[in-house]
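Subject: A structure for you to explore

Hi there,

Here is the structure I promised to pass on to you. Please open it next to this email, and then read on for what I found in it.

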Amino acid sequence: MGFGSIIAAMISVATILLASYVCSKGGFYMANGLSNSVIEMQENRNEILKTEIEVKGAENVSTDGVDILVSLKNTGSTKIGDFTYMDIIVAYEKESNSMETVWIPYQEEVLCENNWTKMGIIPDLINPGVFDPGEEMELIVRLNASELSGYSSIKWLLVTTPNGVKASWYFKG
């Protein structure tokens, strides 16, 4: 009878040790996952802080009523390379003082209505096709001409980078 209680005690201790090991291993796994998430979040925030673009003045935003030509400058220290994740939003004021807002996605090469594409990057010596710090990018936004009737000449343009940094400008045309 004494030997049976020793075996039961050993099994109980082994079960408690195994449960403690499983719980601690799961806790370490969760803590590791949480710390990796915090590190990634801080890296993204750091990239956002280093990204900065600006629309180059009123003389560098021009329109013929359908196409808008915009000149951007990368004044930050982050490269911008994937233009499909850049968005442009254009807002128009109707003559009745109501607003119309249009989201304009990126389109490579052939330009259709309500799309934009890059015309060129100046100077584009390092990393061709990538919008590097210090470079200027010329882009064209093509709007749907049939939607523009009845709008005043006051318009607003917003350009966002893939990580959410934005620049905006009022223009006439």
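The structure holds one salt bridge, a term for a side-chain nitrogen of Lys or Arg within 4 Å of a carboxyl oxygen of Asp or Glu. Its partners are the side chains of aspartate 67 and arginine 142, at 2.7 Å from N to O. Because aspartate 67 belongs to strand β3 and arginine 142 to strand β7, the pair ties together parts that are 75 residues apart in sequence. Strands here are DSSP runs of E with at least two residues, helices are runs of H or I with at least four, and both are numbered from the N terminus.

Before we go on, a word on the source: this is a predicted model, in which local features need pLDDT of at least 70 and side-chain atom pairs count only at pLDDT 80 or more, while totals for chains, interfaces and linings use all residues. Residues are numbered from 1 along each chain as its sequence is written, and side-chain values use heavy atoms, with hydrogens and water left out.

**Strand β3 and its partners**

Strand β3 covers residues 67–74. Six of its eight residues are buried, so β3 is largely enclosed by the rest of the structure. Which strands pair with β3? Strand β1 (residues 53–55) runs antiparallel to β3 and is joined to it by three bridges. Strand β2 (residues 61–63) also pairs with β3 in the antiparallel sense, over three bridges. With strand β7 (residues 136–142), the antiparallel pairing extends over seven bridges. Two strands are said to pair if DSSP finds at least two bridges between them.

Asparagine 74 is found in β3 and is buried, with a relative accessible area of 1%. Its side chain reaches the backbone nitrogen of glycine 76 at 3.2 Å. That is a polar contact, meaning a pair of N or O atoms within 3.5 Å; within protein, one must be able to donate a hydrogen and the other to accept it, and residues adjacent in sequence count only if both atoms are side-chain atoms. Leaving aside neighbours within four places in sequence, asparagine 74 is in contact (heavy atoms within 4.5 Å) with several residues, including Glu52, Ile80, Phe131 and Pro133.

Proline 133 sits in the loop between β6 (115–122) and β7. At 36% relative accessibility, proline 133 counts as partly exposed. Not counting residues up to four places away in sequence, proline 133 touches Asn74, Gly76, Ser77, Thr78 and Lys79. Serine 24, by contrast, is 109 residues from proline 133 in sequence and 47 Å away in space, C-alpha to C-alpha.

**Some backbone details**

Where is the cis peptide bond? It joins isoleucine 122 and proline 123, with omega at about -20 degrees. Proline 123 lies in the loop between β6 and β7, and asparagine 127 is found in that loop as well. Asparagine 127 has a positive phi of about 55 degrees although it is not a glycine, and at 29% relative accessibility asparagine 127 counts as partly exposed. Asparagine 114 also has a positive phi of about 55 degrees. Asparagine 114 lies in the loop between β5 (99–104) and β6 and counts as buried at 18%.

Finally, have a look at isoleucine 11, found in helix α1 (residues 2–50). Isoleucine 11 is exposed, with a relative accessible area of 51%.

Enjoy exploring, and write back with any questions!

Best wishes

Conventions: Buried < 20%, exposed > 50% of the residue type's maximum accessible area, 1.4 Å probe, protein only.
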